[in-house]
Structures are given as C-alpha cells and as structure tokens.
Amino acid sequence: MQVSLNSSILTTISEKTQTKQDTLLNKNNEEKLKEFSSMSAKELSNSYFLQFQAQISAQTTSNSSAQSALSGVISGVPSNLSEILSGLDLSSIGYNGTAIDKLNVDEASALVSEEGFFGITNTAQRLSGFVLSFAGDDLEKLQAGREGILRGFNEAQKAWGGNLPEISQKTIDKALSSIDEKIASLGGNVLNVSA
C-alpha cells in the first residue's frame, strides 16, 4: 500500500517522539526530570497530537480498506485486492475473524451488514469513539482526530485506486457527523477544519 508524504512525516515524528520518550524512561529519576523539563509544553502537546492523528489515520485506513475489500468480495474481486489488504493489521482494530480474501460472498455480506463488524454503524462507532474518548471536551484534539480520520480515508482511497465503495463513504460521513456534533456542542466550528 502506498504511504503518503504526510503519513510518512507523521510516522517519523511519532517514532522520534517515542524514541525520545523511551530513552527518558530508561534514565534514573533525576535525569528523567531534567530531560522532561527541557521539553516545552508545546513540544509535548504537539507530539501527542501527532501520535493521536497517526493512530486514528491508521485505524481509518484499515477500516475503510477492509470495508472496500469486503465490497470487492461481494461484487467481484478487484485486481488489486492483495495489495489493498497487504500491510493491514486488522487485529489492531479488533477484527480476528477469517482473512478477508478467504471469505465467501455470504460471509463477506454478513461482515458489512448493519450488525456486522464492518457495517456502517459499528465501523463509524469505532472511528468516532476513538476520537471522542481521547479528545473529551478538547476542541483541538477533536479537530486533530477529525483530520486524522480524513487523512486515513484519503490513504484508503489511494490504495483502492479511486473512490471507495458507498459503504465506506457513508461510514466516514457518520463518523465525522458524531465528531462534528461534539465540536458544535462545545462552540467549535467544523468549517475551519481541514485535512
């Protein structure tokens, strides 16, 4: 699966931040305190926002790609199915069932049904729930999560080679709607949010 420049940058920053945090954890308490105090609040906050965006972006890509692949199994397998599925860690989003490329049409249909693991409601809830639970009432975090969802969706579209199937479009709309409602309830403006 192709990785965009933005996703690569976020991953690199996230890895560097994690490495710095790991190094700090391995030092004694005095050294840790000295190192942590040298990081500005803005640096810490930015690193957590970037990690959060990268995580929700990866989750969105995995969910959207899996939905698309399942739609492909139902309507006729796309030629790039193995490419779409390669690199996806579906267990990271809670799916531990049969490999998608091994499913028959009935099994794939059950997974994308309204009650299915990859149905619109369940998938939208996984995406928006992750953002809402992490962000709480913090407008900046909500907007960062929203942007992460849009980035992940765009990554999935690139892997798919065009527009994703209708189920993925409806899922993203539903996930964003939940986040937008929360942003609006806090007096925020979703029109100023861009991906």
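**Notebook: burial, helices and salt bridges**

I began with burial and noted that 44% of the 195 residues of the protein chain count as buried, where buried means under 20% relative accessible area, exposed means over 50% and partly exposed lies in between, with a 1.4 Å probe and protein chains only. I kept in mind that this is a predicted model, in which local features need pLDDT of at least 70 and side-chain atom pairs count only at pLDDT 80 or more, while totals for chains, interfaces and linings use all residues. Residues are numbered from 1 along each chain as its sequence is written, and side-chain values use heavy atoms, with hydrogens and water left out.

**Overall build**

I looked up the secondary structure next and found eight helices and zero strands in the protein chain, the helices (H or I, at least four residues) and strands (E, at least two) being DSSP runs numbered from the N terminus. From the N terminus on, the order of elements reads α-α-α-α-α-α-α-α.

I then turned to contacts, meaning heavy atoms within 4.5 Å, and noted that, among those between residues at least 6 apart in sequence, 72% join residues at least 24 apart. For the accessible surface, taken by the Shrake-Rupley method with a 1.4 Å probe, I wrote down about 10,300 Å², of which 50% belongs to carbon and sulfur atoms.

**Salt bridges**

I asked how many salt bridges there are by the rule that a side-chain nitrogen of Lys or Arg lies within 4 Å of a carboxyl oxygen of Asp or Glu.

Where in the chain do K158 and E155 lie? Both belong to helix α7, where, because they are three residues apart, about one helical turn separates them.

On accessibility, I recorded E166 as exposed at 54% and K170 as partly exposed at 41%.
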